[in-house]
Amino acid sequence: MVVISNYYNGKQVLITGCTGFVGKVLLEKMLRDLPGISKIYLIIRGNAKERFEDDILGSRIWDFLKEKMGGQDKFLEYIRSKVIPLAGDLSKTDIGLSAQDLQMVIENVHINIHCAASIDFRERLDKAIESNLYGSLHMLELSKKLKNCLGFVHCSTAYVNSNREGWLDEELPVLDFNPEEMVELIMKQDIRTLEKITPNLLGAYPNSYTFTKAITERILTLKRGDIPMAFVRPTIVGGSLKEPTPGWVDSVAAIGAVMLYCGVGLVQFMKGDARMIADIVPVDLVANCLIAAAPSISNQNILKIYQCGTSHRNPVPWIRISHWVTEYWRNHTPKKSIAKSSFNFHTSSLMYEAHFFMKYGIPSTILSLMALITGNEETKYKAESFKKVIKAARLICDTFKHFTGHEWVFSVSTVEKAFQEIFDQEDRNIFNCDAAEINWQSYFQFFCYGLHKYVMKEEGVRPPTDLLNTSLITKSDINQNGLLQWIFADVSWAYTSYRHVTQTPLPPRAPAEIRSLVMNSPRVQMAMEKVSKEEGVLVSHIEKRAIQIMDKMQSNLNIIVVRVLGWFLKKVWRKIYHGIHVDEKGIELIREAIQKSPVVLLPSHRSYIDFLIMSYIFFEYNLPLPHIAAGEDFLGIIIVRWFLRNAGAFFLRRSFHGDALYWAIFSEYVQRLVIDNQPVEFFIEGKRSRAGKSLYPKMGMLGMICTPFFENKVPDVHVAPIGISYEKVLEGELYSQEVMGESKTKESFNGLLRASKVLKMNFGRINVVFSQPISIKKYTADKQKEFEKQISNANNNNTAFDPFQNTNDRRQIVSDLGFQIIQDLNKNTIITTTSVVATIILAFRKGINREELNHKVEFLREEIFARGGDVAFEGPSDQLVDHSLKLLSNLITRRRNMYEPAGTQQGLTNTNYKKNILVLSYYRNLLLHLFLWDGLVCCAILSYVNRRFENYDPNHIHEAQSLNNLNISNASAGQSNSNKMDQDRLLSDVKFLAKILSNEFVFQAKDITDTFILNQIHRMTSRGIIQREQQGDQILYQIKSETHANFLSNLFWPLIEGYKTGLLTLFSIQPEISMKKNLFLQRMGWFSEKMFEEGKLNFFESCSMELLNNSLSLFEQMKIIIKKKPNTEVVGKRTTQSKKNEKKPRRSASKQETEIEYIQLLPPYQEKDGKLKDLAEKLSHFRKSQHSDLRKSVIEDFPMLSKL
């Protein structure tokens, strides 16, 4: 085995063509990954040193190496120690080197890599011979003079065999003439004669470049002597795949020219067959092949031919390329574009010429006539400019038509063999030449991005999201060829898809067999006997009830129904969504896991679309369709329930606590699916999040799917968190109604028909990201090791942690796993541009101009990235803001060049304004988890400074309430500690706020330690948000970036205000009085809205019933209130216990009664000026504005509160 980096250690290499595209990438790769190379000599025509500085070192290709090396100075020092530019001319003997330089080269160089060539396809034959043949022969002669020549690597082209078609092996070009005689014939012709006879001389070759390259290979072979030689033959060279960065390109040539002209709308069609295979190879693969070629021939009297292409290992047709390229340019329209990007092919020359004439000829003629008639100079200029456009379009189409009208498959067997036999695995990774790993859609998206950024040099261009490069809406469309397939594209897709499904370890059972296994299982049989005894009825009656439960619950997966549903959904998706973008790498992780063990899918839950999207994706990617846990609510929708059941849905009650029979059947059914290795899907959050934030995990079903592993019925189970994000959620309007206190709309067929209006709306795109599947086996083993380590460190003799035998330990595992899944969901949920824009609009709800909006969006994007989030940002910020404003046009309005929440001008009490604020806050809440700890720290410090300022000068309380008027960093404040907060106080306040907001964000209290918070504070310090100062033993913190801190605090002030409002409403409950929870929630909603309308609340989203309900749950957890038992009655306002000898209510009445809950203040919080007031005042410090005597002022402002 040869290690490439070791081979080049101490070697000196001579390279030609380094001012060109391939040469630059080759040089950069050698300097980056071959640090042991001694010297690299560059042959540059003209003033070598000046061109080296301008053309080579001036390129942006070095940006990445400069960053790696720590700056410009170290980079230049390294480059100048390795690279020696030499003035030369390949058309001259000894390549035009001076005597001194020639001697230096002869004495020191070991390897020649010849990349220089004329790639002008239309160059005159004699000039092409001089550039391509004579230059190569002079390099060969120089190689023969080298004292230590180890090899000569010649960069040729795979199209030396383009006079043939089909499969082409790595062999010398087959010519029907003597190459030397042909050269002699060409060079003795005069120019006029040569141009006349050129078409006959070229024969089947498309241009002078491929023709002269074929001749060059033949003559080099004849004159090689004993020089080790390799021909590296790239196909059509495109932008980089990975190195130095995806999509890097610095020149407009070959396929890059076509893509660029397509982007600006100059070329919209071309002659060729879209179904034919293209062969485009990334430039970094070519550079790797050139580097690897030298050690493969070193010290051997041998000639090797290496073809470097993609048609053999990873073919891609032109139709797909044209689709992906136009898709990029439509989403990222260049500023210099002259028309909308589109592209198609004409197989007929007649159709092509007719289209060209209609597109360019007629407009040009009309424009020229107008210029002639009017004599207007501007019109003349436009007419001439348009003629130049036509000429450029014709040139690029004519140049490339041979490559789109013919098909070749170039064998790369020799390259593969060399890498397998000569080089080790590390070299195969570092100097990769394998095209099989290329994701073509991602590649062409980044290629276009490179042209956009590095060639067109447009600022603000964002790279494509590599994670989400595939849109399922358009994925199958590009494979349709022919009229009938085009007309019935979706029918064809639904019928032909899902034919080669990834197999699970066990084949799926028939529904009847699953039913039998569940009903006859020991668990269900024991449950039936138990219920029979409890109710005093025969087991046969209980068995009938069990059968009814099973009938209502069980899925009945039917592939024919799935195909019909897939066809229907394809139509709907295309109608309402711009794209469904899927993480294909994650799909492959799921495929790998499915082949090993049962897989449980755990998507985030933000929309009803979640129920359909996973099955649709699995159908598209030939993965076993999941069995989906759905609520029984869907059973009320006729037709829909039948489709869902036959698409894999099984139905469960919202709650079945206390129903032992139902619990036994349901858990047995779920575990049977897991044991049978069938994918199961359920939503760990339990219900859709109406507020946009993640909900706490429900452990019931998670425990069920883990049980087969802990009971050793399966060797392992994989759970896969899946983040699904929507640019515009389908139920946005419904959510706003529900969080304003309106009843949830019951699912029904009529409701579904009424919802058909959404088919006329645009909901943007969906992003689906798969987390790394979690192996429960590995997770359990890691937890056991962690527990054992804790015991060892604590010198504790407690029993071992054993979730297989100990149910408490098992519950702990399941609980920790649930929180881990929510964490993964948050981590892998893409933040959409609509969330970013909504956040900015809410931060500046009194109005923000467009320029500032763009700036703030860019600022927030960087903040999200800095915290490990991922944003679906593709294209310049102004285009993304445009896109988001269109999607949110019903929520955001423009007034006098200022953007604000829609409805603002009608007044803040306007119902539409309130609903719009709630929907905008939904989108904002989707990103809040990324800023939680930064926001809480900023709230704590700002509130502390505010209080100190109040105490210092009571006359400035009003100014202290406005943080915008508080200059924290002024000189006078800097001289004292009034704006600095002690670390212990800061930790205490952050913990208090974390406890208050613990129902809003998912975390485990045990994880919120001082160390954890201090780590968050340290990150804020390093980002320049706050500043740390040590005074003796005391550590103090202060705000460093006031703008930053205000923005972060503003994200959480609405939540704090909501909880404060909830606390204030508790003052309306008299001691020893109980009231219905639902009535109290209505009171909270009324009170909060009144406070907002009177200007006592700053944010209407603080009035959200979701938020207020969470606050009530917190008050119960904090033991401020207690929920009374269902047997508690309300007699007037006093509570009494129901008498034991009362008649037992009917079952339905009893069920209704258990749903009613009562709340009451606990004694410590019943006193007028006791703990409740203290807690309310403490929380009030952290909101945006405060009152001195909170309870008194509120009751004075709202006399109705005291009456309540």
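How many bridges join β28 to strand β30, and in which direction do the two run? In this predicted model, 2 bridges join β28 to β30, a strand that covers residues 1034-1039, and the pair runs antiparallel. Within this pairing, Asp982 has Leu1036 of β30 as its bridge partner.

The two strands belong to an open sheet of 3 strands, whose order is β28-β30-β29 and whose pairing is antiparallel. Because β28 (981-982) and β29 (1026-1031) each have a single partner strand, they stand at the edges, and one side of each is left without a neighbour in the sheet. A helix accompanies this part of the chain: α43, made of residues 1010-1022, lies across β29 and β30 and runs at about 110° to β29.

Another pair of strands is formed by β19 (residues 627-631) and β20, which run parallel and are joined by 4 bridges. Here Ile628 finds its bridge partner in Ala649 of β20.

The bridge partners named so far are gathered here.

| Residue | Bridge partner | Strand of the partner |
|---|---|---|
| Asp982 | Leu1036 | β30 |
| Ile628 | Ala649 | β20 |

Turning to helix packing, helix α23 (residues 522-535) and helix α29 (residues 660-675) pack with their axes 9 Å apart and at an angle of about 175°. The two helices are therefore roughly antiparallel to each other, since an angle over 145 degrees counts as such. On the side of α23, the residues that take part are Arg523, Val524, Ala527, Met528 and Val531, and these meet Ala660, Leu661, Ala664, Ile665, Ser667, Glu668 and Gln671 in α29. Sorted by class, this contact between α23 and α29 holds 8 nonpolar, 2 polar and 2 charged residues.

Is Ser736 buried or exposed? Its relative accessibility is 3%, and so Ser736 counts as buried, the limit for that class being under 20%. When its neighbours within four places in sequence are left aside, Ser736 is in contact with Lys915, Leu918 and Val919.

Terms used: Residues are numbered from 1 along each chain as its sequence is written. This is a predicted model: local features need pLDDT of at least 70, side-chain atom pairs count only at pLDDT 80 or more; totals for chains, interfaces and linings use all residues. Side-chain values use heavy atoms; hydrogens and water are left out. Two strands pair if DSSP finds at least two bridges between them. Contact means heavy atoms within 4.5 Å. Axes are lines fitted to C-alpha atoms, for helices over the stretch in contact, and angles run from 0 to 180 degrees between N-to-C directions. Angles under 35 degrees count as roughly parallel, over 145 as roughly antiparallel, 65 to 115 as roughly perpendicular and the rest as oblique. Ala, Val, Leu, Ile, Met, Phe, Trp, Tyr, Cys and Pro count as nonpolar, Asp, Glu, Lys and Arg as charged, and the others, Gly among them, as polar. Buried means under 20% relative accessible area, exposed over 50%, partly exposed in between (1.4 Å probe, protein chains only).
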